[in-house]
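Thanks for coming. Please have the sequence and the 3D view open.

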2 protein chains.
Amino acid sequence: MHASSVYNFAAGPGVMPREVLLEAQRELLDCRRSGMSILEMPFTGAEFQNIADQARRDLRELLELPPHYHVLFLPGGASTQFSLLPMNLLPPDGRADYVDTGHWSRKAIAEARRYVSVNVAASGAQHGYSRLPCRRYWQLDPQAGYCHITSNETADGLAYHRLPDTRGVPLVADMTSDFLSRPLDVERFGVIYAGAQKNVGPAGLTLVIIRDDLLQTAWPACPAALSYRVQIDSDNRFNTPPIQAIYLAGLVFRWLRSQGGLKAMAARNRRKSEALYSYIDASDFYACDRQVADRSRMNVCFHLAVPTLTAEFVEQARCQGLLNLQGHPAVGGLRASLYNAMSEAGVDALIAFMETFAARHGRARRRCG
Amino acid sequence: MHASSVYNFAAGPGVMPREVLLEAQRELLDCRRSGMSILEMPFTGAEFQNIADQARRDLRELLELPPHYHVLFLPGGASTQFSLLPMNLLPPDGRADYVDTGHWSRKAIAEARRYVSVNVAASGAQHGYSRLPCRRYWQLDPQAGYCHITSNETADGLAYHRLPDTRGVPLVADMTSDFLSRPLDVERFGVIYAGAQKNVGPAGLTLVIIRDDLLQTAWPACPAALSYRVQIDSDNRFNTPPIQAIYLAGLVFRWLRSQGGLKAMAARNRRKSEALYSYIDASDFYACDRQVADRSRMNVCFHLAVPTLTAEFVEQARCQGLLNLQGHPAVGGLRASLYNAMSEAGVDALIAFMETFAARHGRARRRCG
């Protein structure tokens with residue numbers, strides 16, 4: 001299968017901007033005329049420091065980040081941060097609110113419970129995670145050290161399109177799968193963290209954005225290299241960072257700026273997801289049971305009216321170069337992830353395939369019925 | 001500066017095999033005809049699993065790893081493992097021996113002390129870290145859960161060329177800077193860990209090799225994603241791993257096999273380091289004060305008889321394409337790292353430059369003297 005004839009709908013690691021891959025390819029043996037590959041650069045040298053500083057500056061500009069927010073590039077992914085958050089933000093007898101909106105918030109809750117007292121302020125379980133829990137019934141703990149949300153549920157296809165009011169309790173968001181997909185009112189947040197392997201690029205890197213006044217000395221058991229305080233005090237140079245991942249993230253930040261920044265991304269992401277949801281809603285062959293107001297623009301989860309055809313759908317799509325459309329194993333069904341780097345042409349190609357597939361199998365269904 | 005005219009002597013991240021970089025470049029947009037970049041591959045998909053499985057198999061063959069040793073690919077570097085080792089191997093009231101041979105063992109000791117009771121069984125401090133501490137005087141704790149050594153001190157230029165007898169206490173080695181540089185008698189070790197950014201390749205990946213009977217349930221405060229037990233029980237798929245780093249490590253393992261494996265590497269590494277040490281020892285312009293029997297074959301630390309010329313040496317070398325020859329900031333002086341991917345031609349070029357530099361400045365010195 002040739003890369004140029006492929007659309008990759010994977011939930012992450014997933015599609016990256018072709019321009020970024022081409023640039024990374026072009027300078028893989030000789031990065032910025034240093035004579036070295038990015039893979040070979042000492043992290044304390046001027047060459048890499050320039051790259052890391054530029055990446056940080058570009059990210060700050062994209063997000064219009066106020067100076068009292070720090071940016072950390074840490075190894076690992078969001079799952080590691082599920083543990084590091086309570087260790088870095090709370091005392092051992094601390095309390096935190098968590099809102100359960102699906103697969104990934106449940107994971108965050110399970111891990112946080114190993115460290116602190118967790119109040120599940122609201123849960124979408126009673127609605128089968130087909131919508132976000134109604135704000136009116138959230139039971140927030142006024143003593144909580146923070147309130148944790150999963151801004152986009154990658155597996156369940158839900159997203160916050162309006163931020164909750166947590167009444168002065170710092171809002172902490174796992175933004176792994178919608179980070180940089182739209183402008184952010186950063187000052188509404190205490191901490192934002194995001195595994196990079198969706199809209200930022202490479203797996204093995206997590207971005208943590210933290211408001212200065214929330215920095216604590218981490219728990220004694222927190223590995224020094226993973227302490228927010230230690231890394232910020234050492235200018236994120238406490239130890240060798242994931243160098244190539246930071247370089248690639250920097251290329252993506254540049255690309256985002258060249259595309260018009262987060263407003264342009266948001267507009268494009270809205271068009272892409274609305275095209276697909278509209279097609280699904282108008283079809284009697286496909287269905288999406290997520291409440292319209294809470295639907296994710298990153299991960300469109302849907303299913304077939306004839307679920308037994310799911311595997312065939314995925315396989316036929318794959319043969320046409322439409323890759324990785326299976327749903328998350330814990331949720332089932334189908335899922336098309338439409339990250340920043342997915343083009344509108346990709347969504348058009350998917351809809352065209354869905355039409356053909358429905359026409360063929362819809363007829364078969366009617367004949368059988 | 002053009003990559004083909006450069007020799008990179010950085011201590012890590014450092015030089016990588018050119019063949020590996022070329023292959024990574026060639027398939028950066030389309031990995032193994034999947035139509036996807038390695039950066040875009042879902043980690044649960046067959047494509048990446050094949051890549052990870054092959055990497056693991058090749059590593060096992062290179063090391064002739066017995067079946068009762070597990071291999072883990074974890075995010076982060078050795079500094080993170082300084083904390084994770086005691087949390088994964090010992091109870092909270094545990095005791096461990098550490099041997100202090102220089103900069104990196106001191107770092108490991110400082111971090112381990114935050115978790116368990118550390119007995120420094122021996123220290124090279126009294127000899128200014130110019131040699132390994134004499135075996136005869138090691139004060140081992142028979143109750144220690146493990147004995148930790150740093151098999152190669154990257155900053156100080158020392159290495160174990162004969163393993164210590166720890167009298168039944170499991171030997172744990174930080175092998176970051178000499179892993180895969182020579183054959184290993186793995187059964188002498190309980191745990192081997194190594195940040196990848198020396199002989200394996202990319203920063204942001206650590207390899208942990210652990211004997212089955214040493215696996216414990218990690219401390220309650222250990223992040224689940226960094227628990228050896230949790231990762232082994234989930235076949236190293238608990239969460240998204242650093243995918244591209246694993247892919248690149250796999251390319252390096254293949255390259256090592258094509259080069260004749262670890263025996264061939266050891267022979268070449270011996271030739272390279274002996275050529276450089278011999279030149280230094282015969283010179284009255286350069287000096288290495290490390291005891292001959294304990295000298296590292298990876299990191300050749302030396303200095304100038306006229307230390308004020310050090311910065312000029314580094315800069316003139318750089319202009320000739322001989323990069324990153326400054327010593328570790330904590331140690332000073334000069335350092336040439338001769339990892340597997342450094343060719344013998346690179347060492348020859350360095351020695352030729354050193355001759356020229358000495359001829360010019362040696363004369364100047366004599367004139368001034």
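Start at the side chain of Lys198(A): one of its polar atoms lies 2.9 Å from the backbone oxygen of Ala11(A). Keep in mind throughout that this is a predicted model.

Where is Lys198(A) in the chain? It sits in the loop that runs between β9 (191-195) and β10 (205-211) of chain A. UniProt, in an unreviewed entry, lists Lys198(A) under "modified residue: N6-(pyridoxal phosphate)lysine".

Is Lys198(A) buried or exposed? Its relative accessibility is 10%, and buried means under 20%, so Lys198(A) counts as buried. Setting aside residues up to four places away in sequence, Lys198(A) touches Ala11(A), Gly12(A), Val15(A), Thr154(A), Thr176(A), Ser177(A) and Tyr339(A).

Next, Asn340(A). This residue is also in a loop of chain A, the one between β14 (334-337) and α9 (344-368). Because its relative accessibility is 2%, Asn340(A) counts as buried. Its side chain makes a polar contact with the side chain of Asn269(A), at 2.8 Å. Beyond its neighbours within four places in sequence, Asn340(A) is in contact with several residues, among them Leu180(A), Asn199(A), Trp255(A) and Lys272(A).

Now the nonpolar part. In soluble globular proteins, nonpolar side chains tend to be buried together. Here, the largest nonpolar core has 130 residues. Which residues have the most contacts inside that core? They are Phe179(A), Phe253(A), Ile38(B), Phe179(B) and Phe253(B). Take Phe253(B) as an example: leaving out residues up to four places away in sequence, it touches Ala55(B), Asp58(B), Leu59(B), Leu62(B), Phe73(B), Leu180(B), Val200(B) and Leu207(B). There is also a second, separate core of 64 residues, including Leu74(A), Tyr146(A), Val172(A) and Ala96(B).

How many cavities of 30 Å³ or more does the structure hold? It holds eight. The largest cavity contains about 110 Å³ of space. Its lining is made up of 14 residues, and those nearest its centre are Ala203(A), Ala245(A), Ala203(B), Gln244(B) and Ala245(B).

Which helices supply at least two residues each to that lining? They are α6 (243-258) of chain A and α6 (243-258) of chain B. The one that gives the most is α6(B), with four residues.

That is the end of the tour.

Key
Residues are numbered from 1 along each chain as its sequence is written. Chains are lettered from A and ligands numbered from 1 in the order in which they are written. This is a predicted model: local features need pLDDT of at least 70, side-chain atom pairs count only at pLDDT 80 or more; totals for chains, interfaces and linings use all residues. Side-chain values use heavy atoms; hydrogens and water are left out. UniProt positions are given in the numbering used here, feature names are shortened, and annotations may be inferred rather than shown by experiment. Buried means under 20% relative accessible area, exposed over 50%, partly exposed in between (1.4 Å probe, protein chains only). Contact means heavy atoms within 4.5 Å. A polar contact is a pair of N or O atoms within 3.5 Å; within protein, one must be able to donate a hydrogen and the other to accept it, and residues adjacent in sequence count only if both atoms are side-chain atoms. A nonpolar core is a set of buried Ala, Val, Leu, Ile, Met, Phe, Trp, Tyr and Cys residues joined through side-chain atoms within 4.5 Å. On a 1 Å grid over the protein atoms alone, a cavity is a set of points where a 1.4 Å probe fits but cannot get out, and a pocket is an open set with protein on both sides within 12 Å along at least five of seven lines; lining residues have an atom within 4 Å of a point. Grid points are joined across faces, edges and corners, and a volume is the space filled by probe spheres set on the points.
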